[in-house]
Amino acid sequence: MDELTIGQRAARLIDGRSWDTKLPVTTLMEMLGTNRQVYYNWRNGKEDPSAKLLEKMALAGDDVLWVLTGMERRNEK
């Protein structure tokens, strides 16, 4: 398991999605029903995402298991 907090992993996930989609972090956070300040709090280890935000991230296809545990999913065959 890595040393990042749940919030820091969530912020990294948002960073990756921003890079992949070319959408600003602000837009992605608004799509989750929250704002950029929450993202900054995640990134700085001051706050972790709520269960509701994790649910929205999971429904958007994000790897919430990694956000929660720091462990990536293994390909199931």
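Biologist: Is S18 buried or exposed?
Modeller: This is a predicted model. S18 sits in helix α1. Its relative accessible area is 14%. Buried means under 20%, so S18 is buried.

Biologist: Which residues does S18 touch, not counting residues up to four places away in sequence?
Modeller: Contact here means heavy atoms within 4.5 Å. Leave out residues up to four places away in sequence, and the residues S18 touches are L23, P24, V25 and L28.

Biologist: Where is L13 found?
Modeller: L13 has a relative accessibility of 13% and counts as buried. As for its place in the chain, residues 6-21 form a helix that holds L13. That element is helix α1.

Biologist: Which residues is L13 in contact with, leaving aside neighbours within four places in sequence?
Modeller: Again, contact means heavy atoms within 4.5 Å. With those neighbours set aside, the partners of L13 are M57, D62, D63, W66 and V67.

Biologist: What separates the C-alpha atoms of L13 and M57?
Modeller: M57 is one of the residues in contact with L13. Along the chain, the two are 44 residues apart. Between their C-alpha atoms, the separation is 9.5 Å.

Biologist: Is R9 buried or exposed?
Modeller: R9 also has its place in helix α1. Its relative accessible area is 2%. The cut-off for buried is under 20%, so R9 is buried.

Biologist: Which residue has its backbone oxygen 2.8 Å from a polar atom of the R9 side chain?
Modeller: A polar contact needs a pair of N or O atoms within 3.5 Å. For the side chain of R9, the distance is 2.8 Å. The backbone oxygen belongs to V67.

How values were computed
Residues numbered from 1 in each chain as written. Predicted model: local features only at pLDDT ≥ 70, side-chain atom pairs only at ≥ 80, totals over all residues. Heavy atoms only, no water. Helix = DSSP H or I, 4+ residues; strand = E, 2+ residues; numbered from the N terminus. Buried < 20%, exposed > 50% of the residue type's maximum accessible area, 1.4 Å probe, protein only. Polar contact = N/O pair within 3.5 Å; in protein donor to acceptor, adjacent residues only side chain to side chain.
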